[in-house]
Amino acid sequence: MKLIIKSLYLTGLFVCMATLAQAQVYTGGNVSVGFDNNTTYADIAPVLGYQMGKARVGVSPVFNYSKTTNQDAQYSFGARLFGQYTVFQGFFLHAEFESLNVEDRANDADGLPPYDRTWVVGLPVGAGYNQQLTDRINAQFMVLWNVIENENTPTTNPIIRGGINYSF
């Protein structure tokens, strides 16, 4: 709950900063997918961000689904804080901090549904490409790697993400 309150506070702060600095506020969303031999992962995440020249920062609530062979599907939710920096003609570096509320199947007392829930953190980093579609709309594609491994993390590496953003 504290993370949600902090995310809302940061969102308000970004909007105020953008209004004062006459910079670009943008919104949109991303979809991520990941696959390995045993797990399928997908998430959807609306985005609210702030662009200052070559740098972009933002916040994103996230809702995800993962399914491991011979296990029930797992649903998670949380938030991300991210930063991007354009290094060359649309190519950018990306880093984010995410906190997800997931089922704690490894440490659940009885090992049966409904499972206890816990918060896990992740640090996906990587690179991507931003393609301007119109004056206000762009599409992004990125490949990320979560460098914090946790037995409860629902993501699988690599994380492939794409989305559309609209600048105000």
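Student: Are Arg-161 and Glu-96 buried or exposed in this structure?

Tutor: In this predicted model, both Arg-161 and Glu-96 are buried, and their side chains meet in a salt bridge with an N to O distance of 2.7 Å.

Student: Which residues are joined with them into one network?

Tutor: Through salt bridges that share partners, Asp-43, Arg-80, Glu-96, Glu-98 and Arg-161 are joined into one network.

Student: How many salt bridges does the structure hold?

Tutor: The structure holds 4 salt bridges, and one of them is formed by the side chains of Asp-43 and Arg-80, at 2.4 Å from N to O. Asp-43 belongs to strand 2 (residues 39–52) and Arg-80 to strand 4 (residues 74–88), so this contact links parts that are 37 residues apart in sequence. Asp-43 and Arg-80 are buried.

Student: And what does Arg-80 do with Glu-98?

Tutor: The side chain of Arg-80 also meets that of Glu-98 in a salt bridge, with 3.0 Å from N to O. Because Arg-80 sits in strand 4 and Glu-98 in strand 5 (residues 91–103), the pair connects parts that are 18 residues apart in sequence. Glu-98, like Arg-80, is buried.

Student: Switching to the surface, which residues form the nonpolar patch?

Tutor: The patch is formed by Phe-97, Val-121, Leu-123, Val-125, Trp-145, Val-147 and Ile-148, which together have about 540 Å² of accessible area.

Student: Where is Leu-123 found, then?

Tutor: Leu-123 is found in the loop between strand 6 (117–122) and strand 7 (124–132), and it counts as partly exposed because its relative accessibility is 32%, a value that falls between the 20% limit for buried and the 50% limit for exposed.

Student: Back to the strands: how many bridges join strand 1 to strand 2?

Tutor: Strand 1 (residues 24–35) and strand 2 run antiparallel and are joined by 12 bridges, with Val-31 standing opposite Ile-44 of strand 2. A hairpin connects strand 1 to strand 2 through 3 residues.

Key. Residues numbered from 1 in each chain as written. Predicted model: local features only at pLDDT ≥ 70, side-chain atom pairs only at ≥ 80, totals over all residues. Heavy atoms only, no water. Helix = DSSP H or I, 4+ residues; strand = E, 2+ residues; numbered from the N terminus. Buried < 20%, exposed > 50% of the residue type's maximum accessible area, 1.4 Å probe, protein only. Patch = residues over 30% accessible without salt bridge, like charges linked within 9 Å, V, L, I, M, F, W, Y side chains within 5 Å. Areas by Shrake-Rupley, 256 points an atom, 1.4 Å probe, with all protein chains shown as cover. Pairing = 2+ DSSP bridges.
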